[in-house]
Amino acid sequence: MKACRACGSAQVNSFFSLGNMPLANALLAHPQLDMEEPRYPLDLSFCQECYLIQLDQIVAPEKLFSEYLYFSSFSTDMVHHACAIANRLVIERNLTSDSLIVEIASNDGYLLQWYQKSDIPVLGIEPAQNIAKVAQDEKNIPTRVEFFGVDLAQKLNREGKQADIIHANNVMAHVPDINGFVQGIRLILKPEGMAVIEVPYAVDMIERGEFDTIYHEHVYYFSVTALDKLFKKHDLIIKQVERISIHGGSLRLFVTPITSAAQQEDSVLNLLDSEKQMRQQWQLDLKVKQLQVELVSKLRDLKKAGKTIAAYGASAKGSTLLNYFGIGREIIEYVVDRSIYKQGKYMPGVLIPILPPSALSERQPDYVLLLTWNFAAEILAQQSEYRTRGGRFIVPLPQLYEV
Ligand SMILES: [Zn+2]
């Protein structure tokens, strides 16, 4: 890697390496099983200048399957989370039928629908056509099927579209041209507007060893320090920040144009300060090694004792965990997933078949490894029948436990 993608500094050091890995969302159909899967290096670097953690090499976007199989509304937790922030902002920001809410990566309309219910105009931006179609056809949400960046922002400006609120949830980490993305936000934000941005928090990932958030689609792993520098470069300021539990620990940033009145609140200053204290100890290797030893020996012992083991969640996270730890079909017989798009396919690399969740009640495996542990509460509740009959879940992260 030559230079930092955010600040251009050449002072970039290697941070953590997963080696060559298959693409985490490239689920295999049966006929592809004999073909050699492409693998790409998955190495992270750390910029000494702006502190941004980033992938060394980017896989071309057309090779990435992106999240075109990921519908936010499949998770009731996500929909509740969206409803809560929308209702809160309507009151806090005095939003009316004259306001405009823009969401970048608006998915199936899981968030904008709540503004629309309050008669506040919305505009979704979603590059995945099949997902945008659901927002348009089923929820009647105006959606631009495009990638967001400076070009689209200028186009929207020419159409007179300026936003009171811009939402961008779990999208910033995916965008290689991060400067263009932030510049685009600045361009379409009203002077008194606010961008509300959620990103997984790198410090949570590091402290809890949540390495399974690392896959080729995630180019960036953000700290407040790195984001603070990035936004300031584009005349934006993080006014306030909240730590939220979603996706294993995330930041919710409240970002406004820089004006003389725009002060950073204590929530921001405190995190900047704590990151400064901790930064020397940022390393992931030890935690990950420890989890690997504990989890793999636990699963092998169960297998030796004649237990049957399945897994839940054919997610990108799951693909990273299984592939990096080398947990294959000899341990996990099958993975179940609610998405009908994933059922009948195979996990990348480890080639474990994906079945519908009903397989758990039909086959009643002794143990289920929960790969989508970031939705643990929701999934454990859904699987109460399997658990009542004696089935056990193994939750690998944020710390290994059995339930
Ligand atoms: Zn940098």
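Into which domains is the protein divided? The protein is divided into domain 1 (72-281) and domain 2 (285-402), with bounds taken from an automatic or database domain assignment. The model is predicted: local features need pLDDT of at least 70, side-chain atom pairs count only at pLDDT 80 or more, and totals for chains, interfaces and linings use all residues. Residues are numbered from 1 along each chain as its sequence is written.

**Domains**

- The C-alpha centres of domain 1 and domain 2 lie 31 Å apart.
- Domain 1 gives 15 residues to the contact and domain 2 gives 15 residues; two residues are in contact if their C-beta atoms, placed from the backbone, lie within 7 Å.
- On the side of domain 1 that touches domain 2, there are 4 nonpolar, 6 polar and 5 charged residues. Here Ala, Val, Leu, Ile, Met, Phe, Trp, Tyr, Cys and Pro count as nonpolar, Asp, Glu, Lys and Arg as charged, and the others, Gly among them, as polar.

**Nonpolar cores**

- A nonpolar core is a set of buried Ala, Val, Leu, Ile, Met, Phe, Trp, Tyr and Cys residues joined through C-beta atoms within 7 Å. A residue is buried if 20 or more other C-beta atoms lie within 10 Å of its own, with C-beta atoms placed from the backbone.
- The largest nonpolar core has 90 residues, and Leu52, Ile101, Val102, Ile166, Ala195 and Phe222 are those with the most contacts inside it.
- Strand β8 (residues 189-200) supplies the largest share of this core, 6 residues; strands (E, at least two residues) and helices (H or I, at least four) are DSSP runs, numbered from the N terminus.
- At least three residues of this core come from each of domain 1 and domain 2.
- A second, separate core has 31 residues, including Tyr312, Leu322, Phe325 and Ile394.

**Helix packing**

- Helix α4 (residues 150-158) packs with helix α5 (residues 178-188) at an angle of about 10°, and their axes are 8 Å apart. Axes are lines fitted to C-alpha atoms, for helices over the stretch in contact, and angles run from 0 to 180 degrees between N-to-C directions.
- α4 is therefore roughly parallel to α5, a term for angles under 35 degrees.
- Among the residues in this contact are Leu152 and Leu156 of α4 and Leu187 and Ile188 of α5.
- The contact of α4 with α5 has 6 nonpolar, 5 polar and no charged residues.

Terms used. A residue is buried if 20 or more other C-beta atoms lie within 10 Å of its own, exposed if 12 or fewer, and partly exposed in between; C-beta atoms are placed from the backbone. Angles under 35 degrees count as roughly parallel, over 145 as roughly antiparallel, 65 to 115 as roughly perpendicular and the rest as oblique.
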